[in-house]
Amino acid sequence: MRRTRMGSAVVAALGTGVLLAGCGLTSGSPLVDDVQPGTIGKGLPLKGAELTVTSKEFTEQLILGQILGLAFKAAGANVLDRTGIQGSIGGREAVRNGDADVMYEYTGTAWITYLGNDKPIADPQQQWEAVRDADAKNGITWLPPAELNNTYALALNPANAKKYGTKTLSDVAALSKKDPSAATVCVESEFASRDDGLNGMKKAYGMNIPASGVSKMDGGIIYTEVSKGSACTFGEVFTTDGRIKAMDLTLMADDRHFFPNYNVAPEINTKALKKYPAMANVLEPITKKLNNTTARELNAKVDVDGEDPHAVAKEWMVKEGFIKEG
């Protein structure tokens, strides 16, 4: 599934995270922070609850997973941290089968990969509603989504932006026809094979990018290579990645709205939510605060500045007044 790359500074953080056996969760770490209610968790509505939070293994997901854990901890719950699952299927299955109670997930991921649909829904709210309704039968409840939309994009460095003048994916398509050798791309292997990735994008925009013009590599390396501009002109990036601003990369506008909406929203095991309905109220104000600007800033603290995802999440939660340190 999408978004399976790992931020360069988060490997150590996973040492205290989850060990995997297939898609199952076999261990985790209790969240031991001494945090108190701020604007959320007043009255300790989750006092005595035993909750397990999970996430995928890349930077943004690790931060979001820590935000979940800290929120529930401040509201009185005993929290088991099982964040950092490789790929997407493991986290999804953990929530579905009850091995975990909640994670922040992306609507486009659920709609296309988990639920098997071919075409995304252009309107973000309608996309979320469709996912919410379809997943109800799977024992999963989706809470309202955030503005944060971590979708795909192509980016290039300042020198190439000036040289080629491309601003949209239609411009990239035109360049690929005019000068195929210039329209080279660096992508993750997964993106190269997905219908909502490289192949679909090429088809939707009529891009003439031969196999020889495609370099497959780890997501973190893509940013470095695009910044240098040597291995490729364009690189697959994620719109909330903090390295975009740090490296002064230019995003190509998806002018034909090909890429799905990947708005993040809490995905909760329905039985767990029925047992602990206060989870919804605790998370609502936090989710409303999550947008692309916030995500880029938090992600940059990890991927650019080398900070720990847990520390970044906690600092933000305290700064926003959601929780207080004990």
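Predicted model: local features only at pLDDT ≥ 70, side-chain atom pairs only at ≥ 80, totals over all residues.

**Entry 1: strand β12.** I began with β12 and found it mostly covered, with five of its five residues buried. Which residues point which way from β12? I noted Phe234, Glu236 and Phe238 on one side, with Gly235 and Val237 pointing the other way, and all of them are buried.

Next I looked up the strands beside β12. Strand β9, residues 152–156, runs antiparallel to β12 and is joined to it by four bridges. Within β12, Glu236 has Leu154 standing opposite. Strand β10 is joined to β12 by two bridges, and this pair runs parallel. There I wrote down Gly235 of β12 as the bridge partner of Cys186.

**Entry 2: the disulfide.** Cys186 sent me looking for sulfur pairs. How many disulfides does the structure hold? I found one, and it joins Cys186 to Cys232 with an S to S distance of 1.9 Å. The angle about the S-S bond is -110°, and the link of Cys186 and Cys232 is left-handed. The pair ties together distant parts of the chain, 46 residues apart: Cys186 sits in strand β10, while Cys232 sits in the loop between α9 (219–228) and β12 (234–238).

Are the two cysteines buried or exposed? Cys186 has a relative accessible area of 0%, so I marked it buried. Cys232 comes out at 1% relative accessibility, so it counts as buried too.

**Entry 3: Glu188.** I stayed in this region for one more residue. Glu188 is in the loop between β10 (185–187) and α7 (189–193). I put Glu188 down as buried because its relative accessibility is 9%, and the cut-off for buried is under 20%. I also checked Glu188 against Leu115: they are 73 residues apart along the chain, and their C-alpha atoms are separated by 23 Å.

**Entry 4: Ser176.** This serine lies in helix α6, residues 169–178. Ser176 counts as buried because its relative accessibility is 0%. What does the side chain of Ser176 reach? I found the backbone nitrogen of Asn208, at 2.8 Å. Setting aside neighbours within four places in sequence, I listed Ala183, Met207, Asn208 and Ile209 as the contacts of Ser176.

**Entry 5: helix α12.** The buried residues here are Ala278, Met279, Val282, Leu283, Ile286 and Thr287. They cover an arc of only 155° around the axis, so they lie on the same side of α12. On the face turned away from that buried side I found the exposed residues Asn281 and Lys288. The buried residues of α12 pack against several elements, including β5 (50–56), β7 (102–106), β14 (264–269) and α14.

**Entry 6: helix α14.** That last partner was my next stop. In α14, residues 309–319, I listed Pro309, His310, Val312, Ala313, Lys314, Trp316 and Met317 as buried. What do the buried residues of α14 pack against? My list reads β4 (35–37), α1 (59–74), α12 (278–289), α13 (292–303) and β15 (323–325).

I finished with the two ends. At the start of α14, a side-chain oxygen of Asp308 comes to within 3.0 Å of the backbone nitrogen of His310. After α14 comes Gly321, with a positive phi near 85°.

Methods
Residues numbered from 1 in each chain as written. Heavy atoms only, no water. Buried < 20%, exposed > 50% of the residue type's maximum accessible area, 1.4 Å probe, protein only. Contact = heavy atoms within 4.5 Å. Polar contact = N/O pair within 3.5 Å; in protein donor to acceptor, adjacent residues only side chain to side chain. Disulfide = S-S within 2.5 Å. Arc of directions from axis to C-beta. Pairing = 2+ DSSP bridges.
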